[in-house]
Amino acid sequence: MKMIIASPVAFMMMVAPSIAKADSMKPEDRLAIIDAITDIAAGADRHQWPRVRGAFAEKVTLDYTSLWGGEAVTLSADEVVAQWSNFLPGFDRTLHLVTNHAIVDASGDTATAEADFQATHSLGKDLWVLSGHYRYGLVKSAEGWKITHMTMAATHETGDRDLVGKAAERAAKKMD
């Protein structure tokens, strides 16, 4: 019985310092971080590429290894936007919903945030739906909070993942 009582106490002792740091964040900083996260998802769905670009720091590390394997990559923000703008318009529609935002650590001009997501991609009557969690690294600059790292952990997937390739081919034909 003592072990059960001690476990929650031990857990709180480990996470309390991070929670306290994040809780001391100014509300305007917390909202700016959530806005940056939202700008990536909503901007991509609306093909508002300057909005997406504005949410990123100059360099960003993307980790989609839970879905695609391989290794995380570090690219310039312009390269990320170029890649995304070369395949997302090939879908008929996308909807990236991001929710349950939490600032899990904050210290000075850096922060770590987490959020859950569901991303729906449609091409004709075919769908690919992906759900999971994101972990974001952020830095505060003169222009505001910018995302430096995005790590996606996929938890659920339905539909046809091959729609990504089909959308990229379709988007390439539109550009020709």
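# Notebook: sheet, pocket and a few single residues

**Contacts first.** I began with contacts, meaning heavy atoms within 4.5 Å. Among those in the protein between residues at least 6 apart in sequence, 57% join residues at least 24 apart.

**Ground rules.** I am working on a predicted model, where local features need pLDDT of at least 70, side-chain atom pairs count only at pLDDT 80 or more, and totals for chains, interfaces and linings use all residues. I number residues from 1 along each chain as its sequence is written, and side-chain values use heavy atoms, with hydrogens and water left out.

**Inventory.** I looked up the elements, which are DSSP runs numbered from the N terminus: helices are H or I with at least four residues, strands are E with at least two. The protein has 6 helices and 6 strands. From the N terminus on, I read them as α-α-α-β-α-β-α-β-β-β-β-α. For burial I used relative accessible area: buried is under 20%, exposed is over 50%, and partly exposed is in between (1.4 Å probe, protein chains only). Of the 176 residues in the protein, 37% are buried.

**The sheet.** I counted two strands as paired if DSSP finds at least two bridges between them. On that basis 6 strands form an open sheet with mixed pairing, in the order β2-β1-β6-β5-β4-β3. β2 and β3 are the edge strands, each pairing on one side only. From one strand to the next, the twist averages 20 degrees. Angles here run from 0 to 180 degrees between N-to-C directions, and axes are lines fitted to C-alpha atoms, for helices over the stretch in contact.

**Strand by strand.** Strand β1 (residues 56-63) runs antiparallel to β2, and 4 bridges join them. Within that pair, I found Lys59 opposite Ser76 in β2. Next I followed β3 and β4, an antiparallel pair joined by 12 bridges. Ile103 has Ala113 in β4 as its bridge partner. β4 and β5 are also antiparallel, over 14 bridges. Ala113 turns up again here, with Tyr136 in β5 as its bridge partner.

**Two hairpins.** β3 and β4 form a hairpin with 2 residues between them, and Gly108 in the turn has a positive phi of about 60 degrees. β4 and β5 form a hairpin with 2 residues between them, where Gly124 in the turn has a positive phi of about 60 degrees.

**The helix across the sheet.** I then checked α2. α2 lies across β1, β3, β4, β5 and β6, and runs at about 160 degrees to β3.

**The largest pocket.** Where is there empty space? Rolling a probe the size of a water molecule over the atoms shows where empty space is left. My search used a 1 Å grid over the protein atoms alone: a pocket is an open set of points where a 1.4 Å probe fits, with protein on both sides within 12 Å along at least five of seven lines, and lining residues have an atom within 4 Å of a point. The largest pocket has a volume of about 660 Å³, a volume being the space filled by probe spheres set on the points, with grid points joined across faces, edges and corners. It is lined by 31 residues, of which Tyr64, Trp68, Trp84, Phe87 and Tyr134 lie nearest its centre. Elements that each supply at least two residues of the lining include α2 (27-45), α5 (77-85), β4 (110-123) and β6 (144-159). The lining divides into 24 nonpolar, 6 polar and 1 charged. In this count, Ala, Val, Leu, Ile, Met, Phe, Trp, Tyr, Cys and Pro are nonpolar, Asp, Glu, Lys and Arg are charged, and the others, Gly among them, are polar.

**Gly132.** Gly132 sits in strand β5 (residues 126-141). Is Gly132 buried or exposed? Gly132 is buried, at a relative accessible area of 5%. Not counting residues up to four places away in sequence, Gly132 touches Ala115, Asp116, Phe117, Ala153, Ala154 and Thr155.

**Asp63.** Asp63 lies in strand β1 and counts as buried at 17% relative accessibility. Leaving aside neighbours within four places in sequence, Asp63 contacts Ala72, Met150, Thr151 and Met152. Asp63 and Met152 are 89 residues apart in sequence, but 6.2 Å apart in space, C-alpha to C-alpha.

Most residues other than glycine have a negative phi. His47 has a positive phi, near 60 degrees. His47 is in the loop between α2 and α3 (49-55), and is partly exposed at 34% relative accessibility. Asn100 also has a positive phi, near 55 degrees. Asn100 is in strand β3 and is exposed, with a relative accessible area of 51%.
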